[in-house]
Amino acid sequence: MTNNADIDISHPDKRIFPADKLTKQHVVDYYRKIAPTILPHLKDRPLTLRSFPDGIEQDGFFQKRAPDHFPDYIKRLDVPLRSEAGESIEMAIADKEKDLVYLANQNVVELHLALSTGKALDSPDQMIFDLDPSDDDFEKVRELAFELGSLLEGYKLPCFVKTTGSRGVHVHVPLRRDAGFERVKPIARQLAEELLDNCPTIATLEHRKQKRGDRVFIDYLRNDYGMTAIAPYSLRALKGAPVATPISWDELGSRNTGPQSWGLKNIFRRLGAKEDPWAGFNRRRASLARFEP
């Protein structure tokens, strides 16, 4: 079935998603099966891992530093710390099915990735906008995402959308890596401010949650060194085992599409029935040179 039969799964019957009766074995099997789909999105990117040793109903933890006990076949990337001159940490990379199986066996549920790769950690190859609602009204998210898509189109910036598996959506812009984070973040802020001007009744740039009211937060702050976003096709540590799912803009327009429409139990049916809506992502990388410094 797989070339990873040498990996023994410890406590395969442990309930990782108790309400859904999904075990560690289910999580391992998911990441094994999704490997061909998710690995191109993870390639060469340092990963922040979110683990739940006692299942998602108990506290989990984020892990940036690859533990010493990780096996040698898990590649590490030396990532300089901007907060401490001369300091760095070794972060894990997943570039093969065996890596994903191992991580799932270590109780990793969520994979969060950097917006840059080991080839150029200072220069992102994508810009991201996280449209994060303050309530469960997904219609505001949908409306704001389409406004953002139109805004980006006006700047001739290609954009792709994914459900987060939580409450909102992420809009990704593929970039040519011709600008560093110190240039990309102000451009992202400029675009977020323009979007807010266009949609003042449903959007906000207010950092403090208690001051957002029922508006959708336009989070552009992830466009910075060391920041991460949930990986496409990662599981989320939420009831129902939802999956962060790349979708087409047409699908976003459907009232049948919500932030948790796809999960462990139906994602493979989707993949078998639809072409990849992000198939053109790498071919459409854009330059930010047109934005004035």
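This report describes charged and aromatic side-chain contacts in a predicted model.

Residues are numbered from 1 along each chain as its sequence is written, and side-chain values rest on heavy atoms, with hydrogens and water left out. Because the model is predicted, local features need pLDDT of at least 70 and side-chain atom pairs count only at pLDDT 80 or more, while totals for chains, interfaces and linings use all residues.

**Salt bridges**

Side chains of opposite charge can pair when their charged atoms come close. A salt bridge here is a side-chain nitrogen of Lys or Arg within 4 Å of a carboxyl oxygen of Asp or Glu, and a search of the whole structure finds 23 of them. The table gives some of these pairs.

| Pair | N to O distance |
|---|---|
| Asp44 and Lys119 | 4.0 Å |
| Asp130 and Arg222 | 2.9 Å |
| Lys140 and Asp137 | 3.1 Å |

Asp44 and Lys119 form a salt bridge; Asp44 lies in the loop between α1 (24-42) and β3 (47-51) and Lys119 in the loop between β7 (108-114) and β8 (126-132), so the pair ties together parts that are 75 residues apart in sequence. In these names, helices (H or I, at least four residues) and strands (E, at least two) are DSSP runs, numbered from the N terminus. For accessibility, buried means under 20% relative accessible area, exposed over 50% and partly exposed in between, with a 1.4 Å probe and protein chains only. Asp44 is partly exposed at 24%, whereas Lys119 is exposed at 65%.

The salt bridge of Asp130 and Arg222 also links distant parts of the chain, with Asp130 in strand β8 and Arg222 in the loop between β12 (216-219) and β13 (228-230), 92 residues apart. Asp130 is buried, at 7% relative accessibility. In the pair of Lys140 and Asp137, Lys140 is buried at 11%, while Asp137 is partly exposed at 31%. Elsewhere, a network of salt bridges links Lys75, Asp95, Lys96 and Asp99.

**Aromatic rings**

Rings of Phe, Tyr and Trp (its six-membered ring) pair if their centres lie within 6.5 Å; planes under 30 degrees apart count as stacked, over 60 as edge-to-face and the rest as tilted. The whole structure holds 10 aromatic pairs. Tyr30 and Tyr31 have ring centres 5.1 Å apart and planes at 75 degrees, so this pair is edge-to-face, and both residues are buried. For Trp278 and Phe281, the centres are 5.2 Å apart and the planes at 15 degrees, so the pair is stacked; both are buried.

Tyr30 and Tyr31 form one aromatic cluster with Phe268, and Lys33 lies over the face of Phe268, at 4.5 Å from the ring centre.

How values were computed
Lys NZ or Arg CZ within 6 Å of the ring centre and 35° of its normal.
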